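Student: I want to check the labels on a structure. Please show it, and then I will ask what stands behind each label.

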Amino acid sequence: MAGMFARTGSVVLGKYNDPPMIGYFDVLINRDTIFGNKFHIGVDGTRKEVCALYEAWAKKQMLKKGIFFKRIEDLRRRYKEGVSIRLLCHCFPKQCHGRTLMKLIMGQL
């Protein structure tokens, strides 16, 4: 029965300056990257509101099938191949747009 079921990796969140974790492919998702949250706490709303704004923005980017879509698809492929991915942001462990990215990578959004 070995090999009958596809092996997927895992997707977790971490702090941008956490030490490397054995077995994880680290992806920086702060504002300096394509995955950064374009919305700012205080200016665009509360932490909860800017995370919701980011999710709506990310869904639109996926429909456009541009570079954001391609980068998510690459991470999704790796995840499906069994690669474990750690998304690194400054705000972890607080509520973070990284949860949206996790869902996109795992095909849950």
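What follows is a set of questions on those labels, with answers.

Tutor: First, the ground rules. This is a predicted model, in which local features need pLDDT of at least 70, side-chain atom pairs count only at pLDDT 80 or more, and totals for chains, interfaces and linings use all residues. Residues are numbered from 1 along each chain as its sequence is written, and side-chain values use heavy atoms, with hydrogens and water left out.

Student: Why is Thr100 called buried?

Tutor: Buried means under 20% relative accessible area, exposed means over 50%, and partly exposed lies in between (1.4 Å probe, protein chains only). Thr100 has 4% relative accessibility, so the label is buried. Leaving aside neighbours within four places in sequence, Thr100 is in contact (heavy atoms within 4.5 Å) with Cys51, Tyr54, Glu55, Ala58 and Leu109.

Student: Which helix holds Thr100?

Tutor: Thr100 sits in α3, residues 98-105. Helices here are DSSP runs of H or I with at least four residues, strands are runs of E with at least two, and both are numbered from the N terminus.

Student: What makes α3 largely enclosed by the rest of the structure?

Tutor: Of the 8 residues of α3, 6 are buried, so the helix is largely enclosed. The buried ones are Gly98, Thr100, Leu101, Met102, Leu104 and Ile105. Their cover includes β1 (11-15), α1 (47-64), α2 (67-80) and β3 (84-89).

Student: Which residues have the most contacts inside the largest nonpolar core?

Tutor: A nonpolar core is a set of buried Ala, Val, Leu, Ile, Met, Phe, Trp, Tyr and Cys residues joined through side-chain atoms within 4.5 Å. The largest has 25 residues, and Ile29, Phe35, Phe68, Leu87 and Leu101 have the most contacts inside it. β1, α1, α2, β3 and α3 each give two or more residues to this core. Beyond its neighbours within four places in sequence, Phe68 has contacts that include Phe35, Trp57, Leu101 and Leu104.

Student: How many disulfides are there?

Tutor: The structure holds 0. A disulfide is a pair of cysteine sulfur atoms within 2.5 Å. For Cys91, the nearest cysteine sulfur is that of Cys96, 3.2 Å away, and Cys91 is in no disulfide. Cys91 is buried at 18% relative accessible area, and Cys96 is buried at 4%.

Student: What makes Asp26 and Arg86 a salt bridge?

Tutor: The term needs a side-chain nitrogen of Lys or Arg within 4 Å of a carboxyl oxygen of Asp or Glu. The side chains of Asp26 and Arg86 meet at 2.8 Å, N to O, and the pair is a salt bridge. Asp26 is in strand β2 (residues 24-28) and Arg86 is in strand β3, 60 residues apart, so the pair links distant parts of the chain. Arg86 is buried, at 2% relative accessibility, whereas Asp26 is partly exposed, at 30%.

Student: How many salt bridges does the whole structure have, and which lie in α2?

Tutor: The search finds 7. One of them pairs Arg76 with Glu73 at 2.8 Å, N to O. These two are 3 residues apart in helix α2, about one helical turn. Another pairs Asp74 with Arg78 at 3.2 Å, N to O, and they are 4 residues apart in α2.

Student: Are Arg76 and Glu73 buried or partly exposed?

Tutor: Arg76 has 14% relative accessibility and is buried. Glu73 has 28% and is partly exposed.
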